[in-house]
Amino acid sequence: MAKKAAGTPATVLLTAQKVAHELHPYDVSPDAPHYGALVAAALGVDPAVLFKTLIAEVDGTLTVAVVPVTGDLDLKALAAAAGGKRAVLADRAAAERSSGYVRGGISPLGQRKRLATVIDDSALGLELMYVSAGRRGLQVSLAPADLIRLTAATTAQIRT
């Protein structure tokens, strides 16, 4: 029952789909510099397994990008992976409106609108990866194959 207690659309989806996962609360200010590294340290995990979820516009269409916190999103690579020509980070308000989550808590899972999703291929070599569970201060660990399946994602090298 603890998994349902968090009650985010992401955790509800994982529970409903019977996906093995574990929730990991942490306390790091979303405005702190080097946020990803601080979250990894707070959780006691290698930063290479911690991923951030970004929403970009590829040729005007919102697209989800999931990249390790150890790097940045390569917008040209994302555009190519999504079959487009040009990508820019989406406006914060548009990202929040589309996903139903707030900045610092955007999860690739359980978004309000289902968007094309590209996950960095570095996730493929991992046993577990960590992504936002849908609210600030909460990460979820799960197998990369489960995240790919639930988001109907493609994988490509989209990190710098």
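This is a predicted model: local features need pLDDT of at least 70, side-chain atom pairs count only at pLDDT 80 or more; totals for chains, interfaces and linings use all residues.
Trainee: Is S98 buried or exposed?

Mentor: S98 is buried, because its relative accessibility is 3%, and the cut-off for burial is under 20%.

Trainee: Which residues does S98 touch?

Mentor: Leaving out residues up to four places away in sequence, S98 touches L62, R112, K113 and L115.

Trainee: Changing topic: what is the strand order in the open sheet?

Mentor: The open sheet has 5 strands in the order β4-β2-β3-β5-β8, and the pairing is mixed. The edges are formed by β4 (87-89) and β8 (154-156); each has a single partner strand, so one side of each lacks a neighbour in the sheet. On average, neighbouring strands are turned by 35 degrees against each other, direction ignored.

Trainee: And how do β5 and β8 pair, parallel or antiparallel?

Mentor: Strand β5, residues 116-120, pairs with β8 in the parallel sense over 3 bridges. I119 has T155 in β8 as its bridge partner.

Trainee: What else is I119 in contact with?

Mentor: Setting aside neighbours within four places in sequence, its contacts include V66, M129, L147, I148 and T151.

Trainee: Which residues touch the most other members of the largest nonpolar core?

Mentor: They are I55, I119, M129, V131 and L142, in a core of 27 residues. Two or more residues each come from α2, β2 (51-58), β3 (61-68), β6 (129-135), β7 (138-142) and α6. Another core, of 12 residues, lies apart from it, with A65, L78, A87 and V118 among them.

Trainee: You mentioned T151 as a contact of I119. Which helix holds T151, and what does its side chain reach?

Mentor: T151 is in helix α6, residues 144-151. Its side chain reaches the backbone oxygen of L147 at 2.7 Å. T151 is buried, at a relative accessible area of 5%. Beyond four places in sequence, T151 touches P108, L109, R114, T117 and I119.

Trainee: Last one: which residues of α2 are buried?

Mentor: In α2, residues 9-16, the buried ones are A10, T11 and L14. Viewed down the axis of α2, these buried residues fall within an arc of 95 degrees, so they line one face of the helix.

Notes. Residues are numbered from 1 along each chain as its sequence is written. Side-chain values use heavy atoms; hydrogens and water are left out. Buried means under 20% relative accessible area, exposed over 50%, partly exposed in between (1.4 Å probe, protein chains only). Helices (H or I, at least four residues) and strands (E, at least two) are DSSP runs, numbered from the N terminus. The arc is that of the directions from the helix axis to the C-beta atoms. Contact means heavy atoms within 4.5 Å. A polar contact is a pair of N or O atoms within 3.5 Å; within protein, one must be able to donate a hydrogen and the other to accept it, and residues adjacent in sequence count only if both atoms are side-chain atoms. Two strands pair if DSSP finds at least two bridges between them. Axes are lines fitted to C-alpha atoms, for helices over the stretch in contact, and angles run from 0 to 180 degrees between N-to-C directions. A nonpolar core is a set of buried Ala, Val, Leu, Ile, Met, Phe, Trp, Tyr and Cys residues joined through side-chain atoms within 4.5 Å.
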